[in-house]
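Please keep the view open while I talk.

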Amino acid sequence: MTEAAPSLPRRVVVTGATGKLGRVVVAHLRERGVEVLAVDRVGGRDPRDVAGEFLLVDLTDYGQVVEAFTGGTDEHGGRVDAVVHLAAVPAPGLMSNASTFANNSAATYNVFAAARAAGIKRVVWASSETVLGLPFDTPPPYAPVDEEYAPRPESTYSLNKALEEEMARHFCRWDSDLVMVGLRFSNVMEVADYAAFPSFDADPALRRWNLWGYIDARDGAQAVERALVHDVPGADVFVIANADTVMSRSSASLMAEVYPGVPIRKELGEHETLLSIDKARRVLGYEPRHSWRDHVDGAASPRRA
């Protein structure tokens, strides 16, 4: 008899719920019938102004996180079955290095620890493509890059992401029933962003910093859904990008021009991503459904890898 596919958790907390990816994830999960408690810290915002169930939480305050995860806040009761942690200072250089590290490290530790204290056995969190060595001033060891080489953080933001991945491994060592999935998201894009993509062709160096990768927010939400039904205990990480690059030029020609000494480990499709999603496809069943080429007149549709 074929085993039934695991179902989505009934009630999920999503942190960073008002962010670029968070908004799409919350909407996507609610469309799938998941009861979502959206959590964020937005200065001056009244929770009553946000559609659906929403709670202002300072994730650097452990007590607030525990209260949110255990249903201790008035009008937000109910058992939480899983956590999707997307909240963070979202990129290097937005705050001082020390402030970025202090915020992001405390927030993620508190989320992981509060989930464990609350008996929540499933955590999905936003790691980052930056752990692969972005901005690739030092060329990558090979392409397409994947999860097989050790993290190479080149910024305080990325250092924190690498430490989060290590922290998750130890939380799962402490509790063998925990399922923790880190999604190394590429640069998140919405449809409105795609009008600028043809301009990248003039200079390949403009987007070399992440090997010309991106993730459509809708496909990012799909990856979160796939991760929420992943039921293998332990910590694991996955590169999450779209199937194609941001460029009209072929992926092979980009690598030959910009990184001529970097080994290419597979025959590349014309526009195939250089941030490998093979593991996410194989293990999570992730398959990108969107491309910028579908939204820009005259752009060639990608040849699916």
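Arg208 and Asp137 form a salt bridge, their closest N and O atoms lying 3.5 Å apart, where a salt bridge is a side-chain nitrogen of Lys or Arg within 4 Å of a carboxyl oxygen of Asp or Glu. This is a predicted model, in which local features need pLDDT of at least 70 and side-chain atom pairs count only at pLDDT 80 or more, whereas totals for chains, interfaces and linings use all residues. Residues are numbered from 1 along each chain as its sequence is written, and side-chain values use heavy atoms, with hydrogens and water left out.

Arg208 is partly exposed at 21% relative accessibility, while Asp137 is exposed at 59%; here buried means under 20% relative accessible area, exposed over 50%, and partly exposed in between, with a 1.4 Å probe and protein chains only.

Another salt bridge joins Lys279 to Asp236, at 2.6 Å from N to O. Lys279 is buried at 13% relative accessibility, and Asp236 is partly exposed at 25%. In a further salt bridge, Glu287 meets Arg281 with the closest N and O atoms 2.9 Å apart; Glu287 is partly exposed at 35%, but Arg281 is buried at 17%.
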